[in-house]
Amino acid sequence: GPFDTEKEAGECIKRRLEENSIQFTSEVIERIGRITGRIPRDMIELSGKLFDRAVECKTSSADVPLLHEAFTTLHGSKLTEACSLCDGVSHNARIAIGALLALASKTTAERIVSHLYPGLSEDARSYVVAGVQSDLARAVDSSTLIRSDGDSFFIPDPIAAYALGLSLRAI
């Protein structure tokens, strides 16, 4: 199963890099744990791709852009699906997907709207909630990256979440 904490996951990566000429930045180590859900096998696979990419680039420090390259090598199909989803939805839907990512848990359109627009009047709130509900329902229908369970929406795995985050930044 996964490591219990981010710290434990990070220590695993740091141990493997001890006395090595290539090191990962602390941000990269934290992201590897997040991207993989702290599952050791997946962490080692992504770290290995990143290490290989650092060797190819003749660099001693693996940074976030290099991590993105390694992620793309391993999870290109998810990244392609995320880019297609984000390209195919409205600007408002991309904002809702970004909020779903930021909240990082199963959540409702109401909670997303409260997160995005905390001071919204009741009249406006119900209108915006309906729009977010509709936007996310369309995203669920057109992709495997976002799912719904009744009135709640969620991103089923951390790899999908990272791919969506990358694709939203790329737009």
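Colleague: Which residue of β5 is the bridge partner of D149?

Modeller: In β5, that partner is S152. Keep in mind that this is a predicted model, where local features need pLDDT of at least 70, side-chain atom pairs count only at pLDDT 80 or more, and totals for chains, interfaces and linings use all residues. Residues are numbered from 1 along each chain as its sequence is written, and side-chain values use heavy atoms, with hydrogens and water left out.

Colleague: What makes β4 and β5 a pair?

Modeller: Pairing requires at least two bridges found by DSSP, and β4 and β5 (residues 152-154) have three, in the antiparallel sense. A strand here is a DSSP run of E with at least two residues, a helix a run of H or I with at least four, and both are numbered from the N terminus.

Colleague: Why are β3 and β4 said to stand at the edges?

Modeller: The open sheet runs in the order β3-β5-β4. β3 (107-108) and β4 (147-149) each have a single partner strand, so one side of each lacks a neighbour in the sheet.

Colleague: What makes F71 and Y162 an edge-to-face pair?

Modeller: Rings of Phe, Tyr and Trp (its six-membered ring) pair if their centres lie within 6.5 Å; planes under 30 degrees apart are stacked, over 60 edge-to-face, and the rest tilted. F71 and Y162 lie 5.1 Å centre to centre with 65 degrees between the planes, so they qualify as edge-to-face. The pair links helix α4 (residues 64-87), which holds F71, with helix α8 (residues 158-170), which holds Y162, 91 residues apart. Both F71 and Y162 are buried (under 20% relative accessible area; exposed is over 50% and partly exposed lies in between, with a 1.4 Å probe and protein chains only).

Colleague: How do you know that the charged end of K106 sits over the ring of F154?

Modeller: The rule wants NZ of Lys or CZ of Arg within 6 Å of the ring centre and within 35 degrees of the ring normal. The charged end of K106 is 4.9 Å from the centre of the F154 ring and counts as sitting over it.

Colleague: Why is E19 called exposed?

Modeller: The relative accessibility of E19 is 86%, which puts E19 in the exposed class. E19 lies in the loop between α1 and β1 (23-24) and has a positive phi of about 55 degrees without being a glycine. Most residues other than glycine have a negative phi.

Colleague: And why is A104 exposed?

Modeller: The relative accessible area of A104 is 64%, so A104 counts as exposed too. A104 is in the loop between α5 (91-103) and β3.
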